[in-house]
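Biologist: Could you walk me through this model feature by feature? I'd like to learn how to read each one before we look at the case at hand.

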Amino acid sequence: MIKAISRPILLSLTIAFLMLSVVFLAYLMLPYNLPGSANLTKVKQERLPALQAKLTFKNQKLGNPVFLRVLKQEKRIEVWMKSGETYSPYKDFEICKYSGDLGPKLKEGDGQSPEGFYNVSEQQLNPNSRYHLSFNLGFPNAFDRSQGRTGSYLMVHGNCVSIGCYAMTNTGIEEIYLLMEAALQNGQQQIPVHIFPFAMTPENMQRHASSNWMNFWQNLKQGYDLFERTKTPPTTKAYQGHYEFSI
């Protein structure tokens, strides 16, 4: 007759099973191609013909200046391209994942995705990213530093996984990356990337009126509204604890 398993042994087996289950679930959550990187030459071969055709249809061309507007709550990156003296919408891309809640990033390791006004130069593009393709937002900027905010390697990238970054699908980041790279190589010195907690309409501002971040968001809204009026990304600078804007 098989002896009954003692209670201490049963408890040990249960704990071991639970630990193995946690490890297995963590493994399943890992991005499928984390160790790899994109072959940018292959991406261009596969994507550029259709991209150039799409741009022609929209009366745009590869290399025109680019502006990105990120809306957290809507999980959307808007890509705008210069047409004449102002910018017109090119395409909206869904954000696959971002970390944290509405509100700015405050310190290294807090899991928050940043909000504010950033600029991306060609040196901030990373074709060899472990997350397919990426670009560094440049966090912390001058305003963030004036507020004592810390963090590093805050990116927009592919692979649909985020720890403080804005993660896109691989096809999404490919299109955005190619537009940005072409603009920078064609003479645009920096690409403005403006990140907001939500579309800063009066209705959304009222909906979030009780937030502790309302003063900060009202400052962000000044830059948002200026672009809405002029369709030109404003120049920003940090001054005495807030952003100032000019066209």
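Modeller: Ground rules come before the features. This is a predicted model, so local features need pLDDT of at least 70 and side-chain atom pairs count only at pLDDT 80 or more, while totals for chains, interfaces and linings use all residues. Residues are numbered from 1 along each chain as its sequence is written, and side-chain values use heavy atoms, with hydrogens and water left out.

Biologist: Fine. How do I read a sheet, and what is the strand order in the open sheet that holds β3 and β5?

Modeller: Strands (E, at least two residues) and helices (H or I, at least four) are DSSP runs numbered from the N terminus. Two strands pair if DSSP finds at least two bridges between them. Here, five strands line up as β3-β2-β1-β10-β5 in an open sheet with mixed pairing. β3 (86-94) and β5 (116-120) each have a single partner strand, so one side of each is left without a neighbour in the sheet. On average, neighbouring strands of this sheet are turned by 20° against each other, direction ignored.

Biologist: Which residues are bridge partners across β1, β2 and β3?

Modeller: Start with β1 and β2, which run antiparallel and are joined by six bridges. Val-66 has Met-81 of β2 as its bridge partner. Met-81 in turn has Ser-88 of β3 as a partner, and Trp-80 has Pro-89 of β3. Strand β2 (residues 76-83) is antiparallel to β3, with eight bridges between them. As a general idea to keep in mind, side chains in a regular strand alternate between the two faces of the sheet.

Biologist: Which helix packs on that sheet?

Modeller: Take contact as heavy atoms within 4.5 Å. Axes are lines fitted to C-alpha atoms, for helices over the stretch in contact, and angles run from 0 to 180 degrees between N-to-C directions. Helix α4 (residues 170-185) packs on the sheet and touches β1 (66-71), β2, β3, β5 and β10 (191-196). The direction of α4 makes about 155° with that of β3.

Biologist: And how do α2 and α4 pack against each other?

Modeller: Helix α2 (residues 40-57) packs with α4 at an angle of about 80°, and their axes are 10 Å apart. Angles under 35 degrees count as roughly parallel, over 145 as roughly antiparallel, 65 to 115 as roughly perpendicular and the rest as oblique. α2 and α4 are therefore roughly perpendicular to each other. On the α2 side the residues in contact include Leu-40, Arg-47 and Leu-51, and on the α4 side they include Glu-174, Tyr-177 and Leu-178.

Biologist: What is the make-up of that contact by class?

Modeller: For the classes, Ala, Val, Leu, Ile, Met, Phe, Trp, Tyr, Cys and Pro count as nonpolar, Asp, Glu, Lys and Arg as charged, and the others, Gly among them, as polar. The contact of α2 with α4 has eight nonpolar, one polar and six charged residues.

Biologist: Last topic, the backbone. Where are the residues with positive phi, and where is the cis peptide bond?

Modeller: Most residues other than glycine have a negative phi, and most peptide bonds are trans. Asn-59, in the loop between α2 and β1, has a positive phi near 60°. Lys-75 has a positive phi near 55° in the hairpin of β1 and β2, with four residues between the strands. In the hairpin of β2 and β3, which has two residues between the strands, Gly-84 takes a positive phi near 75°. The cis peptide bond joins Phe-139 and Pro-140, with omega about 0°; Pro-140 lies in the loop between β7 and α3 (142-146).
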